[in-house]
Amino acid sequence: MKRTHYCGELRAKDEGRDAIVMGWVHRRTGLVQVVFNKERQAAAHAKAEQVRSEFVVAVEGKIVKRQKANPELASGEIELVAMKLHTLNNAKTPPFAIEEEINAAEETRLRFRYLDLRRPKPHRNLALRHKIILEMRKVMDELGFIEVETPMLTRSTPEGARDYLFKQILMISGFDKYFQIVRCFRDEDLRADRQPEFTQLDLEMSFPRQEDIFHVIETVMVRACGVAGIKVAAPFPHMLYMDVIRKYGSDKPDLRFGMELHEVRSCFPEEAKQKLQMEGNVFALAAPGAAGYSRKQLDDLTEKAKALKARGAYFVKVTPEGLTSTVEKMIGAENVKKLAEACGAKPGDLVVAVSAKEQIKGTEAAALIAGQLRLQLGEALNLIDKSQWKFLWITGFPLFEWSETDKTWVSAQHPFTGIVDEDLEKLESAPWEVRSKGYDLVLNGYELGSGSIRIHRQDIQERLFKALGLSEEQLRRRFGFFLEALTYGTPPHGGIALGVDRIAMLLSGEKSIREVIAFAKTTAAQDLMADSPSEVDPGQLDELGLAVKPEVKKAAE
RNA sequence: GGGGACGUAUUUCAGCUGGUUAGAACGCUGCCCUGUCACGGCAGAGGUCGCGAGUUCGAGUCUCGUCGUCCCCGCCA
């Protein structure tokens, strides 16, 4: 018995044909209606009585036109009159109905992933992901890149350095344009847009100008969006890192709405700062239409700001009748007015100001916290135009950032990132002023990728490693082979890596990367279906000469 | 490591200020009806209220701990 048609493909034009279809019995999202006539096909009818939801069946029959068409169904003009019914397999009652709309907790969906994936939406998402990746490969091939695989198993390097070492070495080897769509692994805590294993479009090219790399990526993204039926225009706009932080309080700003930040420290006189126990800078924004926010809503914003380590949050309500502020007594009517004006607030707006002492990654925490509130308010006030696709290149990153945990300067991106030529002399004397040749690609508030023009001269690479505090000995031990390779005629080169899962997520209209990864993990990095990670058989450990140490619980005080 | 939300029947949820036999819908089982497509009708099964302590005459409800899922901060060289 051979399947002749897909259920979902049958249409009015097939009327009168004999057909054999195979598939699952979905009682609610059936793709083709099958009819069993009690008199004429008594045997099949009797058998059909035994069939339950999610049974796997084959039906032999004839396509006929329906008496009454069902416009809800793609195959709604016809139905299949069953002559014979074969049960190919039975099925337990599933824990949730297999239908378009998700009706189960994510925990249940992940545990029964095979049933979750049986729904039409995961099929659409994974098919789109496939088409996007296929298009990426096509574009890269058209642009003269060749895909080269690099080792996953290699010597110990600082985490992630592996990826850079090998693709840079391919440049030294004259490959000129390399790319790879490849699985990456990272040991970080998870998020809606982060999984411990994910896929990148990684590329590297020789003799590039920054704009050459941008052009390649813009071509890739325009074409990938095209696959999803989304039209975007290239080139993408550029902004400096310092400017996005100050304007949007984020290194991955969502440009689908405005509500920019303003530095308003000068609106707070010294004595007010003392009374309010303010420290550090103050950033503010004007939230359109939020002047009517209740006390509770303001409290919630304050609480959110404080949870993000803000010193405080201060509000000005702008109404046609005038200004009212939670800090009017502290800063005076004149400064309240100045504050509202600084944010360009109009009647109906709510001005939200945030102060914070600390610096995060060398940037003012107040700006970053205000940036978080901007996102929350943008969502709450429905300011985000979901039909927009706002790409942005960010450049001008600092080369180093201060690590509070290590009390030292560390690479903001990675230690192979190129250094802006005129800043080279400050490498030892004023490292915090040195700018890198790194760049990020951002879409709608998500970081899609990050790259740089690399260091290609051995002497500069060595100077950088030393500026990072690596000793000659550490340097030889960890990067010896790489530094040696650099001495054999390394061309200028640079590249970038894009997060394929995030791209697939955004182009599918999903809010979580898990919706475009077939076998996704929980935020604790567990696979609820396979029950992984799991204990390893002692014999397997013995073979490798490994022992598992029991977890050491912190002693109680 | 920190903050927040959630955890009650197969599933999705309700359960007010603690009070007697813990409810609904979906699904499931049986019967009936039936050219239906969210079919309809009747009957029924199904619950350690995540787990463990505590407070109380009495805990699904309050407190603490713990486990799990999700969101966020830190982290993402």
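The model is predicted, so local features need pLDDT of at least 70 and side-chain atom pairs count only at pLDDT 80 or more, while totals for chains, interfaces and linings use all residues. Residues are numbered from 1 along each chain as its sequence is written, and side-chain values use heavy atoms, with hydrogens and water left out.

**The nonpolar cores**

Let us start inside. A nonpolar core is a set of buried Ala, Val, Leu, Ile, Met, Phe, Trp, Tyr and Cys residues joined through side-chain atoms within 4.5 Å. Buried means under 20% relative accessible area, exposed over 50%, and partly exposed in between (1.4 Å probe, protein chains only). The largest core here has 43 residues, and Leu201, Met221, Phe391 and Leu441 have the most contacts inside it. Helix H6, residues 210-227, gives the most to this core, with eight residues. Helices (H or I, at least four residues) and strands (E, at least two) are DSSP runs, numbered from the N terminus.

Contact means heavy atoms within 4.5 Å. Not counting residues up to four places away in sequence, Leu441 touches several residues, including Met221, Phe236, Phe391 and Trp393. There is also a second, separate core of 38 residues, with Tyr248, Ala313, Ile369 and Leu373 among them.

**Rings that pair**

Rings of Phe, Tyr and Trp (its six-membered ring) pair if their centres lie within 6.5 Å; planes under 30 degrees apart count as stacked, over 60 as edge-to-face and the rest as tilted. The structure holds 13 aromatic pairs, and two of them are set out here.

| Pair | Centre to centre | Angle of planes | Kind |
|---|---|---|---|
| Phe236 and Phe391 | 4.2 Å | 5° | stacked |
| Phe268 and Tyr314 | 5.5 Å | 55° | tilted |

Phe236 is in the loop between H6 and strand E8 (238-240) and Phe391 in strand E16 (residues 391-395), so the pair links distant parts of the chain, 155 residues apart. Both of these Phe residues are buried. Phe268 lies in the loop between strand E9 (262-263) and helix H8 (270-275), and Tyr314 is in strand E11 (residues 312-319), so their pair ties together parts 46 residues apart in sequence. Phe268 and Tyr314 are buried as well.

Elsewhere, ring pairs link Tyr164, Phe416, Phe465, Phe479 and Phe482 into a cluster.

Lys521 is found in the loop between helix H15 (500-507) and helix H16 (538-544), and counts as buried at 13% relative accessibility. Its side chain joins that of Glu197 through a polar contact of 2.9 Å. A polar contact is a pair of N or O atoms within 3.5 Å; within protein, one must be able to donate a hydrogen and the other to accept it, and residues adjacent in sequence count only if both atoms are side-chain atoms. Lys521 and Leu110 are 411 residues apart in sequence, yet 7.8 Å apart in space, C-alpha to C-alpha.

Gln200 has its place in strand E7 (residues 197-206). This residue is buried too, with a relative accessible area of 15%.

**Cysteines**

A search of the whole structure finds zero disulfides (pairs of cysteine sulfur atoms within 2.5 Å). For Cys267, the nearest cysteine sulfur is that of Cys343, 7.6 Å away. Cys267 is buried, with a relative accessible area of 2%, and Cys343 is buried at 9%.

Definitions and conventions:
Chains are lettered from A and ligands numbered from 1 in the order in which they are written.
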